[in-house]
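Here is a friendly briefing to read alongside the model.

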Amino acid sequence: MSLVTALLLSTFIALLITENYGYGYWMISRPVFAGPLVGMILGDIETGLYVGATVELMYMGILPIGGSVPPNAQIAGTISTVFAITSGDASVGIALAIPIGTLAQLLIMLAWNINIYLMHRADQYIEAGNFKAVERTHLMGIPIFFSVFFVSSFLAIYFGSDFVKMLVDGMPIWLSNGLTIASKMLPAVGMAMLLKMMDFKKYWCFFLGGFVLVGYLNLNQTAVSLIAVVIAVAIYQLSENNKQDDFDDEFQDENEEIVSNIDLSLTNKELRKTFIRSFFSMTSINYERYCSLGFCYAMIPAIKKLYTSKEEQIAALRRHNEFFNCHPYTGNAVIGVALALEEQRAQGKEISDEAIASTKTALMGPLSGVGDSIFKAVFMTIFAALAAGLALEGNYLAPFVFIIPNVALNLASRWLFIKYGHKMGVSIVSKMNTGGLLDKFISGATIVGMMVTGAMTVGFVSVPLNVTWNISGKEIVLLDIINSILPGLLPLILVLIFHQILVKQKKGMYICILACFVIGILGAVVHVF
(Lines give C-alpha, C1' and ligand atoms only; values in the text may rest on other atoms or scores of the structure.)
Protein backbone atom coordinates (compact mmCIF):
# COMPACT_ATOMS: atom_id res chain seq x y z
CA MET A 1 0.00 0.00 0.00
CA SER A 2 1.38 3.43 -0.96
CA LEU A 3 2.21 6.07 1.62
CA VAL A 4 -0.52 8.45 0.40
CA THR A 5 -3.16 5.71 0.45
CA ALA A 6 -2.13 4.65 3.94
CA LEU A 7 -2.28 8.25 5.17
CA LEU A 8 -5.72 8.87 3.65
CA LEU A 9 -7.15 5.57 4.89
CA SER A 10 -5.68 6.10 8.38
CA THR A 11 -7.19 9.59 8.50
CA PHE A 12 -10.61 8.24 7.57
CA ILE A 13 -10.40 5.40 10.12
CA ALA A 14 -9.21 7.75 12.87
CA LEU A 15 -12.06 10.20 12.18
CA LEU A 16 -14.52 7.32 12.21
CA ILE A 17 -13.31 5.78 15.47
CA THR A 18 -12.95 9.12 17.27
CA GLU A 19 -16.75 9.30 17.42
CA ASN A 20 -16.67 6.65 20.13
CA TYR A 21 -15.26 9.19 22.59
CA GLY A 22 -14.94 12.50 20.78
CA TYR A 23 -18.26 13.23 19.19
CA GLY A 24 -21.62 11.66 19.64
CA TYR A 25 -21.24 7.96 20.39
CA TRP A 26 -23.15 7.24 17.16
CA MET A 27 -21.99 3.58 16.83
CA ILE A 28 -20.70 4.26 13.29
CA SER A 29 -17.32 2.81 14.30
CA ARG A 30 -18.69 -0.55 15.47
CA PRO A 31 -17.23 -3.37 13.33
CA VAL A 32 -20.57 -4.46 11.85
CA PHE A 33 -20.99 -0.98 10.32
CA ALA A 34 -17.39 0.23 9.89
CA GLY A 35 -16.22 -3.05 8.34
CA PRO A 36 -18.45 -2.79 5.24
CA LEU A 37 -17.64 0.94 5.04
CA VAL A 38 -13.89 0.25 4.90
CA GLY A 39 -14.60 -2.63 2.52
CA MET A 40 -16.47 -0.29 0.18
CA ILE A 41 -13.52 2.13 0.15
CA LEU A 42 -11.10 -0.70 -0.63
CA GLY A 43 -13.41 -2.20 -3.25
CA ASP A 44 -14.42 -5.38 -1.42
CA ILE A 45 -17.71 -4.92 0.44
CA GLU A 46 -18.28 -8.67 0.80
CA THR A 47 -15.09 -9.14 2.84
CA GLY A 48 -15.95 -6.02 4.83
CA LEU A 49 -19.34 -7.49 5.69
CA TYR A 50 -17.87 -10.84 6.70
CA VAL A 51 -14.94 -9.54 8.76
CA GLY A 52 -16.99 -6.75 10.36
CA ALA A 53 -19.70 -9.19 11.42
CA THR A 54 -17.23 -11.74 12.75
CA VAL A 55 -15.24 -9.19 14.76
CA GLU A 56 -18.51 -7.71 16.07
CA LEU A 57 -19.48 -11.11 17.42
CA MET A 58 -16.03 -11.60 18.94
CA TYR A 59 -16.27 -8.27 20.79
CA MET A 60 -20.02 -8.27 21.37
CA GLY A 61 -19.87 -8.66 25.15
CA ILE A 62 -16.59 -6.80 25.61
CA LEU A 63 -18.04 -3.40 26.37
CA PRO A 64 -16.56 -0.39 28.19
CA ILE A 65 -18.80 -0.66 31.25
CA GLY A 66 -18.32 1.96 33.94
CA GLY A 67 -14.72 3.13 33.83
CA SER A 68 -13.21 0.06 32.18
CA VAL A 69 -11.20 0.23 28.97
CA PRO A 70 -11.37 -3.24 27.35
CA PRO A 71 -9.70 -4.22 24.06
CA ASN A 72 -11.11 -1.87 21.45
CA ALA A 73 -13.62 -3.41 19.04
CA GLN A 74 -13.73 -0.38 16.76
CA ILE A 75 -10.09 -0.26 15.70
CA ALA A 76 -9.92 -4.06 15.72
CA GLY A 77 -12.80 -4.24 13.23
CA THR A 78 -11.51 -1.58 10.84
CA ILE A 79 -7.84 -2.63 10.79
CA SER A 80 -8.78 -6.32 10.59
CA THR A 81 -10.89 -5.51 7.53
CA VAL A 82 -7.95 -3.72 5.93
CA PHE A 83 -5.66 -6.67 6.65
CA ALA A 84 -8.20 -9.19 5.39
CA ILE A 85 -8.66 -7.36 2.08
CA THR A 86 -4.99 -6.52 1.48
CA SER A 87 -3.83 -10.04 2.34
CA GLY A 88 -6.67 -11.75 0.50
CA ASP A 89 -7.42 -13.97 3.51
CA ALA A 90 -10.31 -13.03 5.81
CA SER A 91 -9.29 -15.51 8.50
CA VAL A 92 -5.95 -13.73 8.96
CA GLY A 93 -7.64 -10.38 9.50
CA ILE A 94 -10.06 -11.94 11.97
CA ALA A 95 -7.29 -13.69 13.89
CA LEU A 96 -5.40 -10.39 14.25
CA ALA A 97 -8.47 -8.63 15.68
CA ILE A 98 -7.61 -9.53 19.28
CA PRO A 99 -3.98 -8.31 19.33
CA ILE A 100 -4.98 -5.18 17.39
CA GLY A 101 -7.79 -4.48 19.86
CA THR A 102 -5.47 -5.03 22.81
CA LEU A 103 -2.91 -2.59 21.40
CA ALA A 104 -5.65 -0.02 20.89
CA GLN A 105 -6.72 -0.58 24.51
CA LEU A 106 -3.27 0.55 25.70
CA LEU A 107 -3.33 3.61 23.44
CA ILE A 108 -6.79 4.63 24.65
CA MET A 109 -5.59 4.34 28.23
CA LEU A 110 -2.74 6.69 27.26
CA ALA A 111 -5.26 9.21 25.90
CA TRP A 112 -7.27 8.99 29.12
CA ASN A 113 -4.14 9.85 31.08
CA ILE A 114 -3.23 12.75 28.78
CA ASN A 115 -6.73 14.16 29.35
CA ILE A 116 -5.99 14.51 33.08
CA TYR A 117 -3.79 17.45 32.08
CA LEU A 118 -6.81 19.01 30.34
CA MET A 119 -8.80 18.74 33.55
CA HIS A 120 -6.31 20.78 35.54
CA ARG A 121 -6.00 23.37 32.79
CA ALA A 122 -9.79 23.70 32.83
CA ASP A 123 -9.73 24.20 36.61
CA GLN A 124 -7.55 27.27 36.12
CA TYR A 125 -9.85 28.71 33.46
CA ILE A 126 -12.90 28.05 35.63
CA GLU A 127 -11.39 30.06 38.50
CA ALA A 128 -10.86 32.91 36.05
CA GLY A 129 -14.43 32.62 34.74
CA ASN A 130 -13.15 32.13 31.18
CA PHE A 131 -15.98 30.23 29.46
CA LYS A 132 -14.32 30.11 26.04
CA ALA A 133 -11.09 28.66 27.40
CA VAL A 134 -12.99 26.01 29.36
CA GLU A 135 -14.84 25.00 26.19
CA ARG A 136 -11.67 24.89 24.09
CA THR A 137 -9.86 22.83 26.71
CA HIS A 138 -12.64 20.26 26.80
CA LEU A 139 -12.77 19.96 23.00
CA MET A 140 -9.00 19.38 22.90
CA GLY A 141 -9.89 15.78 23.72
CA ILE A 142 -10.97 15.32 20.09
CA PRO A 143 -7.49 15.86 18.54
CA ILE A 144 -5.97 13.79 21.35
CA PHE A 145 -8.15 10.77 20.58
CA PHE A 146 -7.79 11.37 16.83
CA SER A 147 -4.00 11.40 17.11
CA VAL A 148 -3.95 8.15 19.07
CA PHE A 149 -6.17 6.39 16.54
CA PHE A 150 -4.40 7.89 13.52
CA VAL A 151 -0.89 6.90 14.60
CA SER A 152 -1.92 3.35 15.50
CA SER A 153 -3.92 2.94 12.27
CA PHE A 154 -1.15 4.30 10.05
CA LEU A 155 1.56 2.14 11.59
CA ALA A 156 -0.63 -0.95 11.28
CA ILE A 157 -1.77 -0.23 7.72
CA TYR A 158 1.46 1.03 6.19
CA PHE A 159 3.89 -1.36 7.80
CA GLY A 160 1.50 -4.16 8.65
CA SER A 161 -0.06 -5.07 5.31
CA ASP A 162 3.18 -6.30 3.71
CA PHE A 163 4.06 -8.10 6.91
CA VAL A 164 0.68 -9.82 6.91
CA LYS A 165 1.15 -10.94 3.30
CA MET A 166 4.54 -12.37 4.18
CA LEU A 167 3.03 -14.03 7.24
CA VAL A 168 0.28 -15.63 5.15
CA ASP A 169 2.70 -16.96 2.54
CA GLY A 170 4.85 -18.59 5.18
CA MET A 171 2.04 -19.71 7.48
CA PRO A 172 1.74 -23.49 7.92
CA ILE A 173 -1.61 -25.12 7.23
CA TRP A 174 -2.11 -26.18 10.84
CA LEU A 175 -1.66 -22.60 12.03
CA SER A 176 -4.04 -21.06 9.49
CA ASN A 177 -6.63 -23.76 10.25
CA GLY A 178 -6.11 -23.22 13.97
CA LEU A 179 -6.69 -19.48 13.63
CA THR A 180 -9.86 -20.14 11.64
CA ILE A 181 -11.16 -22.52 14.32
CA ALA A 182 -10.28 -20.01 17.04
CA SER A 183 -12.20 -17.27 15.21
CA LYS A 184 -15.30 -19.50 15.26
CA MET A 185 -15.03 -20.05 19.01
CA LEU A 186 -14.18 -16.46 19.99
CA PRO A 187 -17.82 -15.22 19.85
CA ALA A 188 -18.37 -17.44 22.92
CA VAL A 189 -16.36 -14.91 24.92
CA GLY A 190 -18.80 -12.18 23.92
CA MET A 191 -21.80 -14.34 24.80
CA ALA A 192 -20.28 -15.13 28.23
CA MET A 193 -19.61 -11.45 28.90
CA LEU A 194 -23.24 -10.65 28.16
CA LEU A 195 -24.44 -13.37 30.55
CA LYS A 196 -22.23 -11.93 33.26
CA MET A 197 -23.68 -8.42 32.79
CA MET A 198 -27.32 -9.52 32.61
CA ASP A 199 -27.65 -11.49 35.87
CA PHE A 200 -27.44 -15.02 34.45
CA LYS A 201 -28.08 -16.61 37.85
CA LYS A 202 -31.55 -15.12 37.99
CA TYR A 203 -32.55 -15.21 34.32
CA TRP A 204 -30.81 -18.39 33.10
CA CYS A 205 -34.08 -20.02 32.04
CA PHE A 206 -34.70 -17.34 29.39
CA PHE A 207 -31.20 -17.84 28.02
CA LEU A 208 -31.93 -21.55 27.73
CA GLY A 209 -35.29 -20.77 26.12
CA GLY A 210 -33.65 -18.72 23.35
CA PHE A 211 -31.09 -21.49 22.86
CA VAL A 212 -33.83 -24.14 22.50
CA LEU A 213 -35.89 -22.06 20.06
CA VAL A 214 -32.97 -21.90 17.65
CA GLY A 215 -31.45 -25.31 18.38
CA TYR A 216 -34.65 -27.33 18.02
CA LEU A 217 -37.00 -25.11 16.01
CA ASN A 218 -34.41 -23.36 13.81
CA LEU A 219 -35.97 -19.93 14.39
CA ASN A 220 -33.93 -16.90 13.34
CA GLN A 221 -32.79 -14.00 15.55
CA THR A 222 -35.74 -11.79 14.61
CA ALA A 223 -38.31 -14.42 15.56
CA VAL A 224 -36.62 -15.09 18.91
CA SER A 225 -36.48 -11.33 19.62
CA LEU A 226 -40.22 -10.95 18.95
CA ILE A 227 -41.09 -13.96 21.09
CA ALA A 228 -38.91 -12.55 23.88
CA VAL A 229 -40.72 -9.21 23.74
CA VAL A 230 -44.09 -10.99 23.94
CA ILE A 231 -42.94 -13.00 26.98
CA ALA A 232 -41.56 -9.91 28.74
CA VAL A 233 -44.78 -7.92 28.15
CA ALA A 234 -46.94 -10.86 29.25
CA ILE A 235 -44.98 -11.27 32.49
CA TYR A 236 -45.30 -7.55 33.18
CA GLN A 237 -49.04 -7.51 32.50
CA LEU A 238 -49.72 -10.57 34.64
CA SER A 239 -47.74 -9.16 37.56
CA GLU A 240 -49.52 -5.81 37.45
CA ASN A 241 -53.23 -6.73 37.36
CA ASN A 242 -55.10 -3.60 38.44
CA LYS A 243 -52.36 -1.95 40.46
CA GLN A 244 -50.96 0.00 37.55
CA ASP A 245 -54.02 2.18 37.00
CA ASP A 246 -53.95 3.50 40.55
CA PHE A 247 -50.23 4.13 40.37
CA ASP A 248 -50.48 5.92 37.01
CA ASP A 249 -53.17 8.26 38.37
CA GLU A 250 -51.14 9.05 41.44
CA PHE A 251 -47.95 9.46 39.43
CA GLN A 252 -49.59 11.83 36.95
CA ASP A 253 -51.40 13.92 39.58
CA GLU A 254 -48.37 14.40 41.80
CA ASN A 255 -46.05 15.21 38.91
CA GLU A 256 -48.51 17.72 37.47
CA GLU A 257 -48.60 19.41 40.87
CA ILE A 258 -44.79 19.43 41.13
CA VAL A 259 -44.29 20.75 37.61
CA SER A 260 -46.98 23.41 37.98
CA ASN A 261 -45.19 24.84 41.02
CA ILE A 262 -41.91 25.36 39.15
CA ASP A 263 -41.31 28.63 37.31
CA LEU A 264 -39.33 27.44 34.30
CA SER A 265 -37.04 30.24 33.11
CA LEU A 266 -34.87 28.06 30.89
CA THR A 267 -36.39 27.86 27.42
CA ASN A 268 -36.12 25.29 24.64
CA LYS A 269 -33.28 27.40 23.25
CA GLU A 270 -31.05 26.59 26.22
CA LEU A 271 -32.26 22.99 26.30
CA ARG A 272 -31.38 22.54 22.62
CA LYS A 273 -27.91 23.96 23.18
CA THR A 274 -27.42 21.60 26.10
CA PHE A 275 -28.70 18.71 23.98
CA ILE A 276 -26.19 19.44 21.20
CA ARG A 277 -23.33 19.80 23.68
CA SER A 278 -24.24 16.49 25.32
CA PHE A 279 -22.89 14.70 22.23
CA PHE A 280 -19.42 15.75 23.44
CA SER A 281 -19.90 14.45 26.99
CA MET A 282 -16.95 12.01 26.78
CA THR A 283 -14.56 14.15 24.75
CA SER A 284 -12.14 14.77 27.65
CA ILE A 285 -12.82 11.55 29.58
CA ASN A 286 -9.98 10.75 31.97
CA TYR A 287 -9.03 8.58 34.94
CA GLU A 288 -9.33 11.36 37.51
CA ARG A 289 -12.84 12.78 37.09
CA TYR A 290 -14.06 10.85 34.06
CA CYS A 291 -16.77 12.91 32.28
CA SER A 292 -16.97 15.86 34.67
CA LEU A 293 -15.67 18.43 32.20
CA GLY A 294 -18.13 17.15 29.59
CA PHE A 295 -20.95 17.66 32.10
CA CYS A 296 -19.68 21.18 32.81
CA TYR A 297 -19.42 21.91 29.08
CA ALA A 298 -23.06 20.92 28.56
CA MET A 299 -24.22 23.14 31.45
CA ILE A 300 -22.51 26.33 30.23
CA PRO A 301 -25.44 27.77 28.17
CA ALA A 302 -27.77 27.44 31.18
CA ILE A 303 -25.19 28.88 33.58
CA LYS A 304 -24.78 31.93 31.34
CA LYS A 305 -28.56 32.40 31.21
CA LEU A 306 -29.27 31.86 34.92
CA TYR A 307 -26.42 33.76 36.57
CA THR A 308 -25.28 37.28 35.80
CA SER A 309 -22.49 37.82 38.33
CA LYS A 310 -19.02 36.43 37.70
CA GLU A 311 -18.83 34.89 41.17
CA GLU A 312 -22.06 32.92 40.69
CA GLN A 313 -20.97 31.70 37.26
CA ILE A 314 -17.59 30.52 38.59
CA ALA A 315 -19.28 28.74 41.50
CA ALA A 316 -21.65 26.96 39.10
CA LEU A 317 -18.82 25.92 36.78
CA ARG A 318 -16.90 24.58 39.77
CA ARG A 319 -19.96 22.61 40.96
CA HIS A 320 -20.26 20.79 37.67
CA ASN A 321 -16.59 19.96 37.15
CA GLU A 322 -16.55 17.37 39.91
CA PHE A 323 -16.41 13.61 39.35
CA PHE A 324 -19.11 12.33 37.02
CA ASN A 325 -19.41 8.99 35.28
CA CYS A 326 -22.60 7.82 33.59
CA HIS A 327 -23.76 6.32 30.32
CA PRO A 328 -23.83 9.12 27.72
CA TYR A 329 -27.56 8.64 27.03
CA THR A 330 -28.96 8.32 30.55
CA GLY A 331 -26.43 10.86 31.78
CA ASN A 332 -28.60 13.46 30.04
CA ALA A 333 -31.32 12.79 32.62
CA VAL A 334 -28.84 13.87 35.30
CA ILE A 335 -28.05 16.96 33.23
CA GLY A 336 -31.77 17.70 32.99
CA VAL A 337 -32.23 17.40 36.76
CA ALA A 338 -29.14 19.57 37.32
CA LEU A 339 -30.66 22.21 35.04
CA ALA A 340 -33.85 22.20 37.13
CA LEU A 341 -31.89 22.51 40.39
CA GLU A 342 -29.73 25.36 39.08
CA GLU A 343 -32.84 27.07 37.78
CA GLN A 344 -34.54 26.92 41.17
CA ARG A 345 -31.36 28.08 42.90
CA ALA A 346 -31.13 31.08 40.55
CA GLN A 347 -34.75 31.89 41.40
CA GLY A 348 -33.87 32.14 45.09
CA LYS A 349 -34.86 28.68 46.26
CA GLU A 350 -32.72 27.16 49.01
CA ILE A 351 -30.74 24.77 46.83
CA SER A 352 -27.26 24.30 48.27
CA ASP A 353 -24.07 23.14 46.58
CA GLU A 354 -24.30 19.94 48.62
CA ALA A 355 -27.87 19.31 47.46
CA ILE A 356 -26.88 19.58 43.80
CA ALA A 357 -23.79 17.40 44.25
CA SER A 358 -25.61 14.71 46.25
CA THR A 359 -28.50 14.63 43.76
CA LYS A 360 -26.12 14.13 40.84
CA THR A 361 -24.29 11.40 42.72
CA ALA A 362 -27.51 9.63 43.73
CA LEU A 363 -28.83 9.60 40.16
CA MET A 364 -25.51 8.80 38.51
CA GLY A 365 -25.27 5.23 39.81
CA PRO A 366 -28.71 3.78 38.96
CA LEU A 367 -28.99 5.64 35.65
CA SER A 368 -25.52 4.49 34.66
CA GLY A 369 -26.61 0.92 35.40
CA VAL A 370 -29.69 1.35 33.21
CA GLY A 371 -27.62 2.80 30.38
CA ASP A 372 -24.95 0.10 30.51
CA SER A 373 -27.32 -2.84 30.94
CA ILE A 374 -30.11 -1.72 28.61
CA PHE A 375 -28.63 0.51 25.93
CA LYS A 376 -25.15 -1.04 25.73
CA ALA A 377 -25.60 -4.66 26.69
CA VAL A 378 -29.12 -5.28 25.36
CA PHE A 379 -30.31 -2.75 22.76
CA MET A 380 -27.06 -2.49 20.85
CA THR A 381 -26.45 -6.23 21.15
CA ILE A 382 -29.84 -7.18 19.73
CA PHE A 383 -29.39 -5.10 16.58
CA ALA A 384 -25.72 -6.00 16.30
CA ALA A 385 -26.68 -9.68 16.36
CA LEU A 386 -29.39 -9.20 13.75
CA ALA A 387 -27.04 -7.19 11.53
CA ALA A 388 -24.16 -9.64 11.99
CA GLY A 389 -26.39 -12.53 10.95
CA LEU A 390 -27.38 -10.69 7.78
CA ALA A 391 -23.79 -9.61 7.09
CA LEU A 392 -22.51 -13.18 7.30
CA GLU A 393 -25.05 -14.01 4.60
CA GLY A 394 -23.66 -11.18 2.45
CA ASN A 395 -26.75 -8.98 2.81
CA TYR A 396 -25.89 -5.33 2.03
CA LEU A 397 -28.71 -4.10 4.28
CA ALA A 398 -26.93 -5.43 7.39
CA PRO A 399 -25.12 -2.16 8.32
CA PHE A 400 -28.37 -0.22 8.06
CA VAL A 401 -30.23 -2.72 10.27
CA PHE A 402 -27.65 -1.90 12.94
CA ILE A 403 -27.03 1.82 12.51
CA ILE A 404 -30.56 3.22 11.98
CA PRO A 405 -32.07 2.13 15.33
CA ASN A 406 -28.87 3.06 17.19
CA VAL A 407 -28.75 6.57 15.74
CA ALA A 408 -32.48 6.98 16.43
CA LEU A 409 -31.95 5.86 20.03
CA ASN A 410 -29.03 8.24 20.45
CA LEU A 411 -31.01 11.26 19.27
CA ALA A 412 -34.31 10.43 20.97
CA SER A 413 -32.94 9.32 24.34
CA ARG A 414 -30.58 12.27 24.74
CA TRP A 415 -33.30 14.82 23.99
CA LEU A 416 -36.06 13.17 26.00
CA PHE A 417 -33.84 12.60 29.03
CA ILE A 418 -32.82 16.27 29.09
CA LYS A 419 -36.32 17.54 28.42
CA TYR A 420 -38.15 15.44 31.00
CA GLY A 421 -35.27 15.43 33.47
CA HIS A 422 -35.52 19.22 33.49
CA LYS A 423 -39.32 19.27 33.54
CA MET A 424 -39.85 16.82 36.37
CA GLY A 425 -36.59 17.18 38.24
CA VAL A 426 -35.83 14.42 40.67
CA SER A 427 -39.50 13.38 40.94
CA ILE A 428 -39.45 11.19 37.83
CA VAL A 429 -36.68 8.92 39.07
CA SER A 430 -38.06 8.71 42.61
CA LYS A 431 -41.51 7.84 41.28
CA MET A 432 -40.13 5.13 39.02
CA ASN A 433 -38.24 3.67 41.94
CA THR A 434 -41.27 3.92 44.26
CA GLY A 435 -43.59 2.14 41.85
CA GLY A 436 -41.00 -0.36 40.78
CA LEU A 437 -41.25 0.74 37.15
CA LEU A 438 -37.50 0.99 36.76
CA ASP A 439 -36.97 -2.55 38.02
CA LYS A 440 -39.74 -3.89 35.78
CA PHE A 441 -38.24 -2.16 32.76
CA ILE A 442 -34.80 -3.58 33.45
CA SER A 443 -36.29 -7.03 34.07
CA GLY A 444 -38.19 -7.02 30.76
CA ALA A 445 -35.17 -5.85 28.80
CA THR A 446 -33.01 -8.50 30.45
CA ILE A 447 -35.46 -11.24 29.44
CA VAL A 448 -35.20 -10.14 25.81
CA GLY A 449 -31.42 -9.87 26.04
CA MET A 450 -31.06 -13.31 27.60
CA MET A 451 -33.19 -15.02 24.96
CA VAL A 452 -31.34 -13.30 22.13
CA THR A 453 -28.01 -14.28 23.68
CA GLY A 454 -29.20 -17.88 23.89
CA ALA A 455 -30.16 -17.75 20.23
CA MET A 456 -26.79 -16.24 19.28
CA THR A 457 -24.98 -19.05 21.10
CA VAL A 458 -26.37 -21.51 18.56
CA GLY A 459 -26.04 -19.26 15.54
CA PHE A 460 -22.64 -17.66 16.02
CA VAL A 461 -20.50 -19.95 18.21
CA SER A 462 -19.02 -23.00 16.54
CA VAL A 463 -16.91 -25.87 17.90
CA PRO A 464 -16.15 -27.78 14.65
CA LEU A 465 -15.27 -31.14 16.16
CA ASN A 466 -14.02 -33.55 13.49
CA VAL A 467 -13.63 -36.92 15.21
CA THR A 468 -14.87 -40.02 13.37
CA TRP A 469 -14.64 -43.81 13.66
CA ASN A 470 -15.26 -46.62 11.23
CA ILE A 471 -17.13 -49.54 12.82
CA SER A 472 -18.06 -52.44 10.57
CA GLY A 473 -17.73 -50.22 7.51
CA LYS A 474 -19.98 -47.53 8.96
CA GLU A 475 -18.63 -44.06 9.74
CA ILE A 476 -19.49 -42.75 13.20
CA VAL A 477 -19.30 -38.95 13.54
CA LEU A 478 -18.88 -37.81 17.16
CA LEU A 479 -20.33 -34.34 16.53
CA ASP A 480 -23.52 -35.86 15.09
CA ILE A 481 -23.91 -38.01 18.21
CA ILE A 482 -23.48 -34.97 20.48
CA ASN A 483 -25.94 -32.88 18.46
CA SER A 484 -28.48 -35.70 18.53
CA ILE A 485 -28.52 -35.33 22.33
CA LEU A 486 -28.88 -31.54 22.21
CA PRO A 487 -28.29 -29.47 19.05
CA GLY A 488 -25.53 -26.96 19.68
CA LEU A 489 -24.46 -28.60 22.94
CA LEU A 490 -20.73 -27.88 22.48
CA PRO A 491 -21.19 -24.13 21.88
CA LEU A 492 -23.50 -24.04 24.92
CA ILE A 493 -20.91 -25.78 27.12
CA LEU A 494 -18.17 -23.47 25.87
CA VAL A 495 -20.20 -20.33 26.66
CA LEU A 496 -21.12 -21.61 30.14
CA ILE A 497 -17.49 -22.53 30.93
CA PHE A 498 -16.32 -19.09 29.80
CA HIS A 499 -19.05 -17.50 31.92
CA GLN A 500 -17.77 -19.28 35.02
CA ILE A 501 -14.21 -18.21 34.25
CA LEU A 502 -15.30 -14.58 33.85
CA VAL A 503 -17.21 -14.69 37.14
CA LYS A 504 -14.38 -16.22 39.16
CA GLN A 505 -11.27 -14.73 37.55
CA LYS A 506 -10.35 -11.03 37.34
CA LYS A 507 -8.39 -11.68 34.15
CA GLY A 508 -11.05 -14.09 32.90
CA MET A 509 -11.58 -12.34 29.58
CA TYR A 510 -7.94 -12.82 28.59
CA ILE A 511 -7.97 -16.42 29.81
CA CYS A 512 -10.97 -17.17 27.60
CA ILE A 513 -9.48 -15.48 24.55
CA LEU A 514 -6.18 -17.33 25.02
CA ALA A 515 -8.07 -20.60 25.50
CA CYS A 516 -9.78 -20.16 22.11
CA PHE A 517 -6.45 -19.81 20.33
CA VAL A 518 -4.79 -22.64 22.25
CA ILE A 519 -7.71 -25.03 21.68
CA GLY A 520 -8.03 -24.03 18.03
CA ILE A 521 -4.34 -24.40 17.19
CA LEU A 522 -3.77 -27.58 19.24
CA GLY A 523 -6.96 -29.07 17.84
CA ALA A 524 -5.75 -28.38 14.30
CA VAL A 525 -2.35 -29.94 15.07
CA VAL A 526 -3.83 -33.21 16.37
CA HIS A 527 -6.65 -33.12 13.77
CA VAL A 528 -9.45 -32.98 16.36
CA PHE A 529 -10.99 -30.11 14.39
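Let's begin where two helices meet: Thr47, Gly48, Val51, Gly52 and Val55 of H3 touch Ala73, Ala76, Gly77, Ser80, Thr81, Ala84 and Ile85 of H4. The residues of this contact of H3 with H4 divide into six nonpolar, six polar and no charged. Please keep in mind that this is a predicted model. The chain holds 24 helices and two strands, and the points below visit some of them.

**The chain as a whole**

- The chain has 529 residues, and 53% of them are buried.
- Take the contacts between residues at least 6 apart in sequence: 81% of them join residues at least 24 apart.
- The accessible surface of the chain is about 22300 Å², and carbon and sulfur atoms account for 65% of that surface.

**Helix pairs**

- Two packed helices are described by the angle between their axes and the distance between the axes.
- For the opening pair, helix H3 covers residues 45–58 and helix H4 covers residues 73–87. Their axes lie 9 Å apart, and the packing angle is about 145°. H3 passes H4 in a right-handed crossing.
- Helix H2 (residues 31–42) packs with helix H19 (residues 398–424) at about 130°, and the axes are 9 Å apart. The two helices, H2 and H19, are therefore oblique to each other. Their crossing is left-handed.
- Which residues bring H2 and H19 together? On the H2 side they are Val32, Phe33 and Pro36, and on the H19 side they are Pro399, Phe402 and Ile403. The contact of H2 with H19 divides into six nonpolar residues, no polar and no charged.
- Helix H7 (residues 131–139) and helix H15 (residues 292–306) have axes that come within 10 Å and cross at roughly 150°. Roughly antiparallel is the description for H7 and H15, because angles over 145 degrees count as such. H7 passes H15 in a left-handed crossing.
- In the contact of H7 with H15, H7 supplies Phe131, Val134, Glu135, His138 and Leu139. From H15 come Leu293, Gly294, Tyr297, Ile300, Ile303 and Lys304. These residues of H7 and H15 divide into seven nonpolar, two polar and two charged.

- Leaving out residues up to four places away in sequence, Ile157 touches Met1, Ala6, Leu9, Ser10, Ile13, Ile79, Val82 and Phe83.
- Ile157 can also be placed relative to Thr86: the two are 71 residues apart in sequence, and their C-alpha atoms are 9.4 Å apart in space.
- Leu107 sits in helix H6 (residues 97–128). Leu107 counts as partly exposed, at 24% relative accessibility.
- Which residues does Leu107 contact, leaving aside its neighbours within four places in sequence? The partners of Leu107 are Val148 and Ser152. Leu107 and Val148 are 41 residues apart along the chain, and 6.3 Å separates their C-alpha atoms.

**Backbone angles worth a look**

- Most residues other than glycine have a negative phi, and most peptide bonds are trans.
- Asn218 is not a glycine, yet its phi is positive, at about 60°.
- Where is Asn218? Asn218 lies in the loop between helix H11 (200–215) and helix H12 (221–240). Asn218 is exposed, and its relative accessible area is 65%.
- His527, also a residue other than glycine, has a positive phi near 65°. You will find His527 in the segment after helix H24 (508–525).
- With a relative accessible area of 62%, His527 is exposed.

Conventions: Residues numbered from 1 in each chain as written. Predicted model: local features only at pLDDT ≥ 70, side-chain atom pairs only at ≥ 80, totals over all residues. Heavy atoms only, no water. Helix = DSSP H or I, 4+ residues; strand = E, 2+ residues; numbered from the N terminus. Buried < 20%, exposed > 50% of the residue type's maximum accessible area, 1.4 Å probe, protein only. Contact = heavy atoms within 4.5 Å. Areas by Shrake-Rupley, 256 points an atom, 1.4 Å probe, with all protein chains shown as cover. Axes fitted to C-alpha atoms, helices over the stretch in contact; angles between N-to-C directions. Parallel < 35°, antiparallel > 145°, perpendicular 65-115°, else oblique. Left-handed = near helix turned anticlockwise from the far one by under 90°. Nonpolar A, V, L, I, M, F, W, Y, C, P; charged D, E, K, R; others polar.
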